[in-house]
Amino acid sequence: MPPLHRPGRPAGTGLRTLARTAAVLSAALALLSPSGAAGPAAAASPAAAAADTVVRVNTQAALGRLTDVARGVNAAIWDSHMNDPEVATLMKAADVGAMRYPGGSYADIYHWETHTAPGGYVAPGTGFDAFMGTVRATGAQPILIANYGSGTPEEAAGWVRYANVTKDYDAEYWEIGNEIYGNGHYGSGWEHDEHEDKSPREYARQVRAYAAAMKAVDPTIKIGAVLTTPGHWPDGVVAGGDPGDWNHTVLSQVTDVIDFVSVHWYAGGSDTSAQDAMTRLTRLPGELREVRNQIDRYAGADSARIGIALTEINTNTGGARLTARPNGLFAADAFMTALENGVFTVDWWNTHNGAGRITTVDGETDYGDMGMLSSGACTGDVCEPAPNTPFHPYYGMKMTGELGTAGDTMVATASSAQDVSAHAVHRRDGRLSVLLINKNPDAARTVDLDYAGFVPSAAAPEVSRYARGDSDITEVTAGPEAASQVVVPPYGMLTVTLTPRPGTGPGASAAAAPGTPRTEAVTDSTARLSWDGAPGAVRYLVQERDGAHTRLVGETTGTSVTLRNLPPGSTHTVNVLAADASGRLSAPSDPLTFTTGTPTDAACAVSYHRDTSWGNGFVATVTVRNLSDAPITGWTVDWDWPTDLQSVSSGWSATFHQTGRHVRVTAPEGAGPLAPGGASTASFGFVGANDGPNPDPASFRLNGAVCSAG
């Protein structure tokens with residue numbers, strides 16, 4: 001992102017019932033009213049409630065486990081309040097596990113040993129040891145950015161030696177540079193880079209040198225390489241003389257020496273509101289999936305070892321509406337959305353940032369500040385609250401801590417309402433926590449909760465709320481009916497934590513959870529999967545997930561299975577569950593996502609080549625060959641885009657028609673036949689548009705027949 005975001009200048013079981021008793025609404029209304037000085041809100045009206053939203057939670061569909069660094073924040077050396085004692089207290093209360101240093105683009109001018117940043121401002125008391133004092137007081141881990149722009153592998157290795165040998169800080173995560181793709185190589189240059197060669201090839205070469213020098217000091221550290229986020233500039237842009245765009249060039253050379261990749265995500269431009277950003281957040285899962293696809297392509301069987309770190313996130317890059325309530329809702333939604341989609345740490349930009357454009361949002365002053373906590377700064381005669389006063393995004397992050405901690409399992413949810421987001425975590429002790437976020441500023445939402453794989457006990461659930469009138473996460477008194485229906489206040493969040501009925505759930509099974517499945521072989525129509533066995537298991541069930549719904553696709557007494565009759569070019573996400581001798585199911589494994597290929601002996605072949613890209617658009621050429629024994633006259637080529645936001649804008653040498661994701665291309669009038677045996681080809685091109693990631697189509701059909709690639 002351009003430096004606008006850098007203040008680097010201090011600035012299934014179907015438990016939902018149709019009939020509701022009077023107690024349902026009384027509990028629901030208790031959740032609506034923020035508690036005052038008299039204590040928790042009390043029950044009120046004896047009328048029945050009608051739900052307008054259904055949220056389904058499926059504990060048999062795991063999305064992955066929370067790590068000890070799941071929730072993180074950025075810290076910057078220009079921030080004089082970075083190491084205030086209140087920071088550690090507040091971050092510990094929010095279960096923050098990661099703190100990133102020394103602060104975005106400043107990392108590429110910062111020299112750790114002298115604690116200097118030539119050309120930038122360094123606040124007193126922000127040195128590495130002081131920072132580590134805050135990290136340790138928080139109970140967190142550091143994520144450290146080695147200076148790529150003006151540093152050397154030797155300087156970085158010295159930092160590793162000081163941190164982990166001299167001081168025994170056990171600093172595990174080390175990024176090589178910040179947003180290095182912003183060094184001017186693609187025309188826009190905000191990131192400091194003194195290398196004469198600013199290409200992705202040189203960055204990859206240097207990553208290898210940094211990794212070798214740093215791991216020679218401490219081989220246990222994890223090295224991270226900087227990638228662009230698919231669908232965000234300069235994704236897809238190929239500079240002159242480069243073999244490909246940034247991600248493909250870097251990954252093709254470094255997957256054997258890195259342990260994670262670092263990406264950043266900002267929702268939009270300077271005039272994008274936080275409420276708009278909550279809508280744009282729906283694109284993040286596809287963008288993260290494309291990051292994983294790119295890692296898979298170059299790391300192969302080693303891909304699972306390489307993690308994805310979302311080391312900066314916020315709504316936009318410099319506009320207002322950043323401290324207001326909708327950005328708090330965004331923070332909660334964004335943290336969980338990223339973690340559910342394969343990220344091991346999400347790090348908010350920033351702890352403190354500085355006041356910007358002053359506006360009024362939801363009846364409150366918005367300070368245009370990208371920080372979680374107030375810096376006490378002023379814009380004109382409007383000043384922020386006292387330093388370290390939490391803004392709404394802090395409480396959004398803190399609310400995700402109500403869901404669970406490291407080792408707990410995120411599970412699938414689905415909401416019937418676009419303005420209600422849902423996230424759920426199945427805890428190791430058997431409890432289930434569900435977070436509901438109502439993004440509607442004007443209307444409360446009455447939500448029916450529907451479960452698969454989980455049976456709540458008759459006990460009243462624990463309920464936490466953050467809504468208008470609350471000064472912190474507030475515990476709310478609720479009856480047992482809140483297990484099946486709650487009311488979420490407008491612009492509010494609820495977390496409902498339920499205990500399981502005795503004798504139900506994974507805790508009642510003698511079988512442990514199986515290991516994460518892995519692919520042994522994938523063809524155009526089959527996939528052979530295997531996994532590590534589980535103690536107490538007598539058989540295994542393989543379930544495919546579609547949203548919050550699952551279906552059985554394989555069953556075996558062994559630890560491998562072959563799935564058959566899969567469509568070519570189709571993507572599947574599966575979990576494995578173990579059953580004990582009584583048939584009781586374990587917790588699910590972590591998920592595996594795989595995509596089938598195309599047939600190797602098809603009667604046709606199609607090559608798809610992106611000729612050029614510019615972030616939200618591209619030009620592509622498609623070439624078709626007929627490999628059958630007979631000529632083809634009057635051909636059609638069909639494909640489906642992997643995402644909803646890819647399209648054909650205009651084309652040539654054929655006629656194009658798109659419906660939804662599906663594209664059909666027909667031969668131009670007067671086109672000759674396609675000769676048999678690949679003796680001739682037909683080519684056509686088009687200008688495409690993409691708003692978000694732009695993955696290639698997985699398969700093509702010629703006159704209805706699936707073609708091979710190439």
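Strand S17 (residues 445-452) runs antiparallel to strand S20, and 4 bridges hold the two together. Strands here are DSSP runs (E) of at least two residues, helices are DSSP runs (H or I) of at least four, and both are numbered from the N terminus. Two strands count as paired if DSSP finds at least two bridges between them. Within this pair, Thr446 sits opposite Val487 of S20. Strand S20 (residues 485-488) is covered on both faces, with Gln485 and Val487 buried on one side and Val486 and Val488 buried on the other. Buried here means under 20% relative accessible area, exposed means over 50%, and partly exposed falls in between (1.4 Å probe, protein chains only). In a regular strand, side chains alternate between the two faces of the sheet.

A word on the ground rules: the model is predicted, so local features need pLDDT of at least 70 and side-chain atom pairs count only at pLDDT 80 or more, while totals for chains, interfaces and linings use all residues. Residues are numbered from 1 along each chain as its sequence is written, and side-chain values use heavy atoms, with hydrogens and water left out.

Further along comes an open sheet of 5 strands, ordered S32-S35-S30-S29-S38 and mixed in its pairing. Strand S32 (646-652) and strand S38 (708-709) take the edges; each has a single partner strand, so one side of each goes without a neighbour in the sheet. Strands of a sheet pair through backbone hydrogen bonds, either parallel or antiparallel. For strand S30 (residues 617-626) and strand S35 (residues 681-690) the arrangement is antiparallel, with 9 bridges between them. Thr621 faces Gly685 of S35 across this pairing.

Strand S35 also holds Gly688. Gly688 has a relative accessible area of 2%, so this glycine counts as buried. Setting aside residues up to four places away in sequence, Gly688 touches Gly617, Phe618, Ser647, Val648 and Ser649, where contact means heavy atoms within 4.5 Å. Leu310 is another matter: Gly688 and Leu310 are 378 residues apart in sequence, and their C-alpha atoms are 28 Å apart in space.

The structure has 2 disulfides, a disulfide being a pair of cysteine sulfur atoms within 2.5 Å. Numbered in sequence order, the bonded cysteines of the chain pair up as 1-2, 3-4. One link joins Cys378 to Cys383, with an S to S distance of 1.9 Å. The torsion about that S-S bond is about 100°, so the disulfide of Cys378 and Cys383 is right-handed. Cys378 is partly exposed at a relative accessible area of 39%, and Cys383 is partly exposed at 40%.

The other link ties Cys604 to Cys707, their sulfur atoms 2.0 Å apart. With -100° about the S-S bond, this link is left-handed. The pair connects distant parts of the chain, 103 residues apart: Cys604 belongs to strand S29 (residues 604-613), while Cys707 lies in the loop between strand S37 (705-706) and S38. Cys604 is buried, at 2% relative accessibility, and Cys707 is buried too, at 1%.

On the helical side, the axes of helix H6 (residues 246-254) and helix H8 (residues 284-299) come within 9 Å of each other and cross at roughly 35°. Axes are lines fitted to C-alpha atoms, for helices over the stretch in contact, and angles run from 0 to 180 degrees between N-to-C directions. The crossing of H6 and H8 is right-handed, which means that the near helix is turned clockwise from the far one by less than a right angle. Asn247, His248, Leu251 and Ser252 of H6 meet Gln294, Ile295, Arg297 and Tyr298 of H8. Sorted by class, that contact has 3 nonpolar, 4 polar and 1 charged residues. Nonpolar covers Ala, Val, Leu, Ile, Met, Phe, Trp, Tyr, Cys and Pro, charged covers Asp, Glu, Lys and Arg, and the others, Gly among them, count as polar.

Helix H10 (residues 392-401) contains Thr400, which is buried at 0% relative accessibility. Leaving out neighbours within four places in sequence, Thr400 is in contact with Arg71, Ala332, Phe335 and Met336. Ala581, by contrast, is exposed, with a relative accessible area of 74%. Ala581 lies in the loop between strand S27 (571-579) and strand S28 (592-595). The C-alpha atoms of Ala581 and Ser509 are separated by 9.0 Å, the two residues being 72 apart along the chain.
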